[in-house]
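Morning, everyone. Please look at the screen, and follow along as I go from one part to the next.

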Amino acid sequence: MTTSTLDPVRDIDRFASAAEEFLSTAVPARWKESRGTLTSHEMDEFRRQWDFTLWEGGYSGLSIPSEYGGRGLGLAEEIVFHVLAGKAQAPDGLARVGKSLVTPMLIALGTEQQRARYIPSIMNGQEVWCQGFSEPQAGSDLANIQARARRVDGGYLLNGSKTWTSFAQHARRCFVLAQTQPDAGRYRNLSMFLVDMEQPGVSISDIRQISGAVHFAETRFENVFVPDSDRVGDDGEGWKVAMRVLGDERGGIETAARYVEIRSDVNALLDVLGDDPEYASRLRDLDIRTELVHWQLMKVADLESAGDERALARAGAVLKLMWSELWQDVTRLGVAHAPVVQQKHWSYQYLESRAVTIYGGSSEIQRNILAERVLGLPK
């Protein structure tokens, strides 16, 4: 990684200026101009290379402490960079799950050995990770997963299936939630593991989405050995670790990336429907809601800087609900009323957005979290 010329003192304006200059030359011209004609393999190669480009430029893991290979900045810089990257039409790297979910998990709850072994290869893009949570019979009810990890000498034998496994086709490793104590009570019977995806007993089947894209897979584990050193936290602490991961998955970095896409879609609708009084009220509502997502993001960033963890958790709890339902409303208007020449885009966006109120915690679950944990309402 090259040495940054930025002063270590936090300065958002200077950071944004440097990031914009970096992005102006770093994003490949062929990606910006021709990505609609690229094969899946070519797109994957661009995305893989982008992870390395970010590392070389000093923009990998902006909010990750410098001792673990990041920049040691904060959520505000992550948000600013995501917005600028979206405007520059930068690729989405394949290492996103590792950076946004695995690395914070290991920093907070992993061992020093795990951090030293895995974080460097995540930061420089050498190893792609995927997430093994949902199962064919256990989606939103995460505590009901049936994958089992049985104790053996030196570790565990993992058996079971995971579905909707993002990036599984590219992943070298997967963090997997499994039962280790079947007789223990709910929430106390799970453990989290770091699993080598290239060993015998791991098989992957692509899941083609209704939009035609293949972002996910079903992953099966048959007597896959996981050493004790690759368990995160104590045996039976998997639920605690998973809740930490889900908090990151629903949080600011993911929302920043989504804001960029939604803002672009709203702007596209304003361009073609903005002069029509019939749509004025709906467009105004969507525009305001989009900027409320941005406002809430910056509020979360300010709270993170202030170190107010309780207020930060409350402010961040609403983010996923805000952007997921907003994006569906945006694409619903687009697919129904945008010009015919844009229908390929809007059909794809509409179909892609159908799942966002389900994965990462359904809207129903998110409302329960807000009611019980934020507002303190009775169950």
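Which helices are among those that cover the buried residues of α9? They include α4 (75-87), α8 (252-273), α10 (309-317) and α11 (319-337). Keep in mind that this is a predicted model.

Let's stay with α9. Which residues of α9 are buried? Here they are: L283, L286, T290, V293, Q296, L297, V300, A301 and L303. An α-helix has 3.6 residues a turn, so residues three or four places apart point the same way. Keep that in mind as you read down the list.

Next, length. The 27 residues of α9 should span 39 Å at 1.5 Å a residue. The end C-alpha atoms of α9 are 39 Å apart, so the two values agree. After α9 comes G307. The phi of G307 is positive, near 75°.

Now the surface. I288, L292 and W295 form a nonpolar patch there. Together they have about 330 Å² of accessible area. I288 is found in α9. Is I288 buried or partly exposed? I288 has a relative accessible area of 48%. The cut-off for exposed is over 50%, and buried means under 20%. So I288 counts as partly exposed.

One more residue from this helix: R282. R282 lies in α9, which runs over residues 280-306. R282 has a relative accessible area of 40%, so it is partly exposed. What does R282 touch, leaving out residues up to four places away in sequence? R282 touches L333 and H337. For a sense of distance, take R282 and H215. They are 67 residues apart along the chain, and their C-alpha atoms are separated by 31 Å.

On to α4. Helix α4 has 13 residues. From its first C-alpha to its last, α4 reaches 19 Å, close to the 18 Å expected at 1.5 Å a residue. How many of the 13 residues of α4 are buried? Ten are, and α4 is mostly covered. The buried residues include E77 and E78, along with I79, V80 and F81. What covers the buried residues of α4 includes α1 (12-26), α3 (40-57), α8 and α9.

What follows α4? Q89 does, and the phi of Q89 is positive, near 60°. Note that Q89 is not a glycine. Q89 is found in the loop between α4 and α5 (96-109). At 35% relative accessibility, Q89 counts as partly exposed.

W164 also deserves a look. W164 has a positive phi of about 55°, although it is not a glycine. Where is W164 found? In the loop between β3 (155-162) and β4 (173-179).

Last stop: E135. E135 lies in the loop between β1 (129-132) and β2 (148-152). Is E135 buried or exposed? The relative accessible area of E135 is 7%, so E135 is buried. What does its side chain reach? The side chain of E135 reaches the backbone nitrogen of Q146 at 2.6 Å. The side chain of E135 also makes a polar contact with the side chain of K162, at 2.9 Å. Not counting residues up to four places away in sequence, E135 touches I145, Q146, A147, S161, K162 and T163.

Technical notes:
Residues numbered from 1 in each chain as written. Predicted model: local features only at pLDDT ≥ 70, side-chain atom pairs only at ≥ 80, totals over all residues. Heavy atoms only, no water. Helix = DSSP H or I, 4+ residues; strand = E, 2+ residues; numbered from the N terminus. Buried < 20%, exposed > 50% of the residue type's maximum accessible area, 1.4 Å probe, protein only. Contact = heavy atoms within 4.5 Å. Polar contact = N/O pair within 3.5 Å; in protein donor to acceptor, adjacent residues only side chain to side chain. Expected span 1.5 Å × (residues − 1). Patch = residues over 30% accessible without salt bridge, like charges linked within 9 Å, V, L, I, M, F, W, Y side chains within 5 Å. Areas by Shrake-Rupley, 256 points an atom, 1.4 Å probe, with all protein chains shown as cover. Salt bridge = Lys/Arg side-chain N within 4 Å of Asp/Glu carboxyl O.
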